[in-house]
Amino acid sequence: MSAATLLRDVFGFDAFRPGQQEIVEAVVDGRNTLAIMPTGGGKSLCFQLPALVRDGVTVVISPLIALMRDQVRALREAGVEAGALTSGNTPEETDAVWEALEAGTLKLLYMAPERLASGGTVQMLRRAGIGLIAVDEAHCVSQWGHDFRPDYQRIGELRRVLDVPLAAFTATADAETREEIVQKLFDGVEPVSFLHGFDRPNIHLAFAVKDGPRNQILNFAAARKGQSGIVYCGTRAKTETLAKALADAGHLACHYHGGMEAEDRRIVERRFQQEDGLIVCATVAFGMGIDKPDIRWVAHADLPKSIEAYYQEIGRAGRDGAPAETLTLFGPDDIRYRRQQIDEGLAPPERRAADHGRLNALLGLAEALRCRRQNLLEYFGEAPEPCGNCDLCEKPAEIFDGTTPVRMALSAALRTEEWFGSGHLIDILLGNMTDKVQQRSHDALPTFGVGKDYDKRQWQAIFRQMMGHDLLRPDRERHGALRMTERARPILRGEATIELRRDTIRAAKGSGPKVRMLVSEEDAPLLSALKAKRRYLAEQANVPAYIIFNDRTLIEMAEKKPTTLDQMARIGGVGAKKLESYGADFLDVITGAVEEVHPARRKLAGRDEGAIYDQLLEAQASLTRGPQGLDKPMSCSASMLAKVAQMRSADMDYLSRVIGDRYTERFGEAFLEVLAGN
Ligand code: ADP
Ligand code: ZN
């Protein structure tokens, strides 16, 4: 079968994502390949599809067990013979993989790198007729990276022994890592390389200055109730307090950080993966290994540590390509904290300078005056047009020439010999006679009271932006006193000017974040009915919801409203196997959408009773015209069904008190059977 047909029939996609086709072709042709693609770009397809086209087994090396198991499950769901050998396997699972290998039916074999340490594995792979090696997260081979996995070093040897083509994938693009991958995996011989763009156009970008941050997060979450999201927090304690605040506000929320027991962490990971609409408040420990394509939003309650970290963290949202949103909060304390972290770190001085640079890039993005995406992608070496999908494209910043106040502020700092923080400097600029001013005779300075054109809040915004532009840096040895940097010198000397934003604080008040809908208001009830069906099917099969269909597919269904299986097959993400397994279920929802979303049912959504309700509805459907299909049609109202669904235990008597004798006569037995089965 051709790649295009497989894409359609097995994976259910209409078209390749940008970059995928070229990579797939190179891998199918058996060329050594290195593909660098952003997270969510669709890397897995680039080795899964060739694995089906090519003869023999493709062995996939991946560092994350949870991720491997997930991919195997999704592949099997799509009708592909795939298996994994990991330490998480039961003996039965391992046996099944070996059998499929012997029988020659296996197409993809996932494996953790640790397996390669045993000579037996390599022998086994030699006998198994491996035709291709795919390496996921190839940057793990780099000794200098954060994700170094010593066993990745064995992959080069494996390639030599098996003498088959190798395709390596990663989202980490820097030149040093690339160089190391080529050395270690390809023995220094340049593979065909693809460097795919870093834009994730479906992710909305926004920053806001902290102003009652807890409420800012609560408002953001409230506008997205029921959608899966992550709130990244700067401290462990904050993950707990914010999760509690969100839960008190009626959200499904829990916390996650590195200080938790491993078992508790796994529970959160599993819940997040499986459940629809859970919010996790987490430190950055929550990330690697999260492979949920339908995360709808990511918020930062505190500023991330660098532009790379920011990109990686927001990149966890919207991997399915459907709209996703982000909000990053920041304030002067964040800037101080992040600088201090770098200064107090143990890294050598060059590294620290580079870290300050990466933080500066992020602060530049936070204080950006124009399109955030342009700013972000320019950092990664691209030159895009304004995006139309960021807060600044939607509402351009109000800009003013800040040269004069910036010079005043610099002068205040210099004339007090760079020994003070912004609070005292602002008092000087405003001419406030505080005790501190008096004690140090700072009222005698020429700068005293020169800044009365701006009020205190405006000055705070100016100082924050000066720190953001790295004109002033807090000095750790002077207890955070602000010191001028070299960058500020041209402005002080009058050789350069600077534009600043009028503060966003007041503008942000009240206007709140815009509520975004994934579909039009008209289609929203249908989308939630489709999600309820998906949840029901996922619970039945005990798999995460997106394994059934991802959000993007459901959104397309809600918009196009297919009414036949043929039309259904044309929806993106509906492959042959899934059409067969679920097509009819979802068609039913679309054609019967009106009854399906009855408010009585909606109230039960996400609870066990919801699933029971659906079963009652099914039981009733087969009896509407009586057991022989000859009687007068009859059905219970939705609220009656909801009442029945909520009965904990029931007998015929009790049932007839709730729904009456007439209905009990027709449906009683079937209903009790449903209740007994739950
Ligand atoms: P990553 O590059 O991070 O490994 P994945 O391979 O997990 O990304 O893909 C991210 C998401 O994109 C998945 O939900 C996948 O189903 C979806 N996807 C991949 N290729 C396509 C395509 N050609 N059309 C539509 N969706 C796709
Ligand atoms: Zn923009």
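Reader: What makes asparagine 678 count as exposed?

Author: This is a predicted model, and in it asparagine 678 has a relative accessible area of 52%. Exposed means over 50%, so asparagine 678, at 52%, is exposed. Asparagine 678 lies in the segment after helix H33 (661-676). Leaving aside its neighbours within four places in sequence, asparagine 678 is in contact with Ile612 and Gln615, while its C-alpha atom and that of valine 27, 651 residues apart along the chain, are separated by 49 Å.

Reader: What does the protein chain look like as a whole, in secondary structure and in span?

Author: The secondary structure of the protein chain comes to 33 helices and 18 strands, and its C-alpha trace spans about 100 × 70 × 45 Å along the principal axes. Of the 678 residues, 53% count as buried. Among the contacts with a separation of 6 or more, 71% are accounted for by residues 24 or more positions apart.

Reader: Why is cysteine 371 called buried, and why is cysteine 387 called partly exposed?

Author: Cysteine 371 has a relative accessible area of 6%, and buried means under 20%, so cysteine 371 is buried. Cysteine 387 has a relative accessible area of 27%, which lies between 20% and 50%, so cysteine 387 is partly exposed.

Reader: How do you know that cysteine 140 is in no disulfide?

Author: The nearest cysteine sulfur, that of cysteine 46, is 18 Å away, whereas a disulfide is a pair of cysteine sulfur atoms within 2.5 Å. The structure holds 0 disulfides. At 0% relative accessibility, cysteine 140 counts as buried.

Reader: Why is the pair of tyrosine 256 and phenylalanine 286 called tilted?

Author: The structure holds 12 aromatic pairs. In this one the ring centres are 4.7 Å apart and the planes stand at 55 degrees; since planes under 30 degrees apart count as stacked and over 60 as edge-to-face, the pair is tilted. Tyrosine 256 lies in strand S11 (residues 253-256) and phenylalanine 286 in the loop between strand S12 (279-282) and strand S13 (297-300), so the pair ties together parts that are 30 residues apart in sequence. Tyrosine 256 and phenylalanine 286 are both buried.

Reader: What makes the pair of phenylalanine 549 and tyrosine 582 edge-to-face?

Author: Their planes are at 75 degrees, with the ring centres 6.1 Å apart, and planes over 60 degrees apart count as edge-to-face, so the name applies. Phenylalanine 549 is in the loop between helix H24 (545-548) and helix H25 (551-560), and tyrosine 582 is in helix H27 (residues 576-591), 33 residues apart.

Reader: How do you know that the charged end of arginine 478 sits over the ring of tryptophan 419?

Author: The charged end of arginine 478 sits over that ring, 4.1 Å from its centre, and the distance has to be within 6 Å. The charged end of lysine 292 sits over the ring of phenylalanine 272, 5.4 Å from its centre.

Reader: Why is histidine 479 called exposed, and why is glutamate 418 called buried?

Author: Histidine 479 has a relative accessible area of 78%, which is over 50%, so histidine 479 is exposed. Glutamate 418, at 14% relative accessibility, is under 20% and therefore counts as buried. Histidine 479 has a positive phi of about 55 degrees although it is not a glycine, and phi of glutamate 418 is near 55 degrees.

Definitions and conventions
Residues are numbered from 1 along each chain as its sequence is written. Chains are lettered from A and ligands numbered from 1 in the order in which they are written. This is a predicted model: local features need pLDDT of at least 70, side-chain atom pairs count only at pLDDT 80 or more; totals for chains, interfaces and linings use all residues. Side-chain values use heavy atoms; hydrogens and water are left out. Buried means under 20% relative accessible area, exposed over 50%, partly exposed in between (1.4 Å probe, protein chains only). Rings of Phe, Tyr and Trp (its six-membered ring) pair if their centres lie within 6.5 Å; planes under 30 degrees apart count as stacked, over 60 as edge-to-face and the rest as tilted. Helices (H or I, at least four residues) and strands (E, at least two) are DSSP runs, numbered from the N terminus. A charge sits over a ring if NZ of Lys or CZ of Arg is within 6 Å of the ring centre and within 35 degrees of the ring normal. Contact means heavy atoms within 4.5 Å.
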